[in-house]
Amino acid sequence: MLLADMHIHALYGVDDGARTEEEMRAIVTKSYEEGVRVMCVTPHFHPRYFGDNREGVQTAFDGLKEYARENLPKLMLFRGNELRYDKGAPAWVNQGDCHTLNGTDYLLFDFLMDDDRDFIVDGVRDIQRSGYRPVLAHAERYTAFHKDWRTLRSMKEDGVVIQMNAGSLEGDYGRAIMKQARTLMDYGIVDVVGSDTHRPDSGRYYSLARTAETIRKKYGEAAAEALCRRNIIEILLGED
Ligand SMILES: [Fe+2]
């Protein structure tokens, strides 16, 4: 099955993802070999956590495009960021330091796993009020919602795109997150799957193809295609 990935830390030397150009190439080649043909690279963005990585991102992205042109001819590459939410963070996007997904109004962002429920809920609203369409990264991982999946359902009803990580359904992030991932899937809350891959080696490489297969087996072919390809392409094109 052909796949699209809109959450991946393939660019090297800019966050806690790939460390070297070799690691970057290995991640992207591995993804390509398992069927990824559309990829939006999403380095973390938060000056305090990750420094000012804008120049490094540009250099790595240019290098990746060059490599892909020669070696992965059918790969379509896009870029965005994964914004680590903080008060005032939307201004970083407004002034062009942090990028939305392929320049659309969809903004991928995350919180710390143990951030407070109200901080997350208010942060999502802040992003919406700033005029962006929020894509909540790895929604299943926040402990604040492990006994409160209904809040995530309300967010979805309010237009928040709910992104689940590859590997969560299979237990790669532990039992509590696996349970939450299953709940969100069972209630039809998940909109898109992203790999959130950080390294080429197993342990930080999460196979989108494996999760697409898990979804296909349990929820059917149409769900797998929507969550692992179609919805992602629509987001990258800025569609509703
Ligand atoms: Fe991420």
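Colleague: Hi! Where is the place of D116?
Modeller: D116 is in the loop between β6 (106-110) and α5 (117-129). Helices (H or I, at least four residues) and strands (E, at least two) are DSSP runs, numbered from the N terminus. This is a predicted model, where local features need pLDDT of at least 70, side-chain atom pairs count only at pLDDT 80 or more, and totals for chains, interfaces and linings use all residues. Residues are numbered from 1 along each chain as its sequence is written.

Colleague: Thanks. Why does D116 count as partly exposed?
Modeller: D116 counts as partly exposed because it has 13 C-beta neighbours inside 10 Å. A residue is buried if 20 or more other C-beta atoms lie within 10 Å of its own, exposed if 12 or fewer, and partly exposed in between, with C-beta atoms placed from the backbone.

Colleague: And how far apart are D116 and Y142?
Modeller: In space they are 9.1 Å apart, C-alpha to C-alpha, and in sequence D116 and Y142 are 26 residues apart.

Colleague: Let's switch to K156. Which helix is that in?
Modeller: K156 sits in helix α6, residues 149-157. K156 has 19 C-beta neighbours inside 10 Å, so it counts as partly exposed.

Colleague: What is K156 in contact with, leaving aside its neighbours within four places in sequence?
Modeller: On that basis, K156 is in contact with I162 and I189. Two residues are in contact if their C-beta atoms, placed from the backbone, lie within 7 Å. As for L136, it is 20 residues from K156 in sequence, with 9.6 Å between their C-alpha atoms.

Colleague: Now the helix pair α8 and α9. At what angle do they pack?
Modeller: Helix α8 (residues 208-219) and helix α9 (residues 221-236) pack at about 145°, and their axes are 7 Å apart. Axes are lines fitted to C-alpha atoms, for helices over the stretch in contact, and angles run from 0 to 180 degrees between N-to-C directions.

Colleague: Which residues make that contact?
Modeller: From α8 there are L208, A212, I215, R216 and Y219, and from α9 there are E221, A223, A224, L227 and C228. By class, the contact of α8 with α9 has eight nonpolar, no polar and two charged residues. Ala, Val, Leu, Ile, Met, Phe, Trp, Tyr, Cys and Pro count as nonpolar, Asp, Glu, Lys and Arg as charged, and the others, Gly among them, as polar.

Colleague: Where does α9 bend?
Modeller: The bend in α9 is at L227, by about 45°. A bend at a residue is the angle between axes fitted to the seven residues ending there and the seven starting there. L227 is also one of the buried residues of α9, including A224, C228 and R229.

Colleague: What comes just after α9?
Modeller: G238 is there, with a positive phi of about 80°.

Colleague: Which way does phi go in N102, positive or negative?
Modeller: Positive, near 50°, in a residue other than glycine. N102 is in the loop between α4 (89-94) and β6, and it counts as partly exposed because it has 17 C-beta neighbours inside 10 Å.

Colleague: What about D196, buried or exposed?
Modeller: D196 is buried, because 26 other C-beta atoms lie within 10 Å. D196 has a phi near 55°, a positive value in a residue other than glycine, and its place is in the loop between β9 (192-194) and α8.

Colleague: Last one: where is R84, and what does it touch?
Modeller: R84 is in strand β5, residues 82-84. Leaving aside neighbours within four places in sequence, R84 is in contact with H44, F45, H46, Y49 and D110. R84 counts as buried because it has 20 C-beta neighbours inside 10 Å. A68 is 16 residues from R84 in sequence, and their C-alpha atoms are 28 Å apart.
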